[in-house]
Amino acid sequence: MTQKFAVTKESCTHCGLCIQDCPIYALEFDDEQFPQYAPGKAEFCIGCQHCLAICPSGAASFGGKKPEHSHSVSLEHSAGLLQLIQSRRSIRRYKDAPVDSAAVQEIVKMLPFIPTAKNADDLYFSLVATKEKMDAIRRVTYQKIAEMENPTGLYLLAKEAFHAGKDLIFRGAPAMVAVATDKETVAEGCETVDSVIALSYFELYAQSLGLGTTWCGYAFMIAQQIPEMYALLEIPENYTLGYTMLFGMPAVKYQRTTQPDMFKVNIL
Ligand SMILES: Cc1cc2nc3c(=O)[nH]c(=O)nc-3n(C[C@H](O)[C@H](O)[C@H](O)COP(=O)(O)O)c2cc1C
């Protein structure tokens, strides 16, 4: 990575917070007590911009991004966030209406804040947001399932449901998102992890905007069986599909939260 950390000498107070907060300890003071990359360390910089975020005097910038263009920090919403987490439901009935493009744009603006293992901006989001495209995906999927000689399990269920006029796989959703990771740059072992984290953020933010979502393991499984799905989702060749999620305007309203059982938790 090219050297991107920079400091405005006039406003630097030499506090050293940027040096302390660098995840790979790439920064050090120069002879005049200004922070700089330590020799040979710039190439390891992952571009997390913690230096820019932590600098009390706004002296640190990164790749030309100036501190005054950042959002203010706000972490005091635990009650609302917990309520959102508890209220989130998998939505399996959707209004037959396209997703408001303003809501899609809101979600897109949130995406860069999603963490990835190496902080590489290498996630690929395929947002299928038109009925025509969703219907094309549905058509190909059920066609391929119909052509299977002896479908079992999910495929048999989906086939039977389809004949009964029900869309078991895509739940009649007007939109879906597929997330993929770049095979070349993704952190080792994180091909699925980065995508699934991304969809967790996607889901919560989408539901906070009044949209419904459902994780779609079925579509993910089918994409492994039916290569055409990669093309329909327009996943580039050098990317691995991580997971899929349906979304749209919900046609169902829950009156209360569920009361899930506790997981096994061991506080050591
Ligand atoms: C990784 C994952 C894959 C899932 N795949 C599907 C799916 O293919 N179809 C579906 O209807 N629900 C799917 N779900 C939804 C779960 O069934 C659902 O989260 C669970 O029953 C709890 O319900 P809730 O999300 O409303 O709390 C999936 C959930 C996760 C986390």
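1. The model is predicted. Around its ligand stand Arg88, Arg89, Ser90, Arg92, Arg171, Thr214, Trp215, Cys216, Gly217, Tyr218 and Tyr243. Sorted by class, this shell consists of 4 nonpolar, 3 polar and 4 charged residues.

2. Which side chains place an N or O atom close to a ligand oxygen? For Arg88, a side-chain N or O atom is 2.9 Å from an oxygen atom of the ligand. For Arg92, the corresponding distance from a side-chain N or O atom to a ligand oxygen is 2.6 Å.

3. Tyr218 has a backbone N or O atom 2.9 Å from an oxygen atom of the ligand. On its own, the ligand has 620 Å² of accessible area, and the protein covers 61% of that. Two or more residues of the shell come from each of β7 (212-215) and α8 (217-225).

4. Most residues other than glycine have a negative phi. Arg171 sits in the loop that runs between α6 (153-163) and β6 (175-182).

5. Is Arg171 buried or partly exposed? Its relative accessible area is 23%, so Arg171 is partly exposed, since buried would require a value under 20%. That figure takes only the protein chains as cover.

6. A positive phi is also found at His14, where the angle is near 60° and the residue is again not a glycine. His14 belongs to the loop between β1 (5-7) and α1 (17-21). Its relative accessibility is 33%, and His14 therefore counts as partly exposed, a class that lies between the 20% and 50% limits.

7. The second largest pocket holds about 250 Å³ of space. How many residues line the second largest pocket? There are 15, and those nearest its centre are Ser87, Arg89, Ile91, Gln207 and Tyr254. The lining divides into 6 nonpolar, 6 polar and 3 charged residues.

8. One residue links two of the points above.

Key:
Residues numbered from 1 in each chain as written. Predicted model: local features only at pLDDT ≥ 70, side-chain atom pairs only at ≥ 80, totals over all residues. Heavy atoms only, no water. Helix = DSSP H or I, 4+ residues; strand = E, 2+ residues; numbered from the N terminus. Buried < 20%, exposed > 50% of the residue type's maximum accessible area, 1.4 Å probe, protein only. Near = heavy atom within 4 Å. Polar contact = N/O pair within 3.5 Å; in protein donor to acceptor, adjacent residues only side chain to side chain. Areas by Shrake-Rupley, 256 points an atom, 1.4 Å probe, with all protein chains shown as cover. Nonpolar A, V, L, I, M, F, W, Y, C, P; charged D, E, K, R; others polar. 1 Å grid on protein atoms, 1.4 Å probe; cavity = no way out; pocket = protein on both sides within 12 Å on 5 of 7 lines; lining within 4 Å. Points joined across faces, edges and corners; volume = space filled by probe spheres on them.
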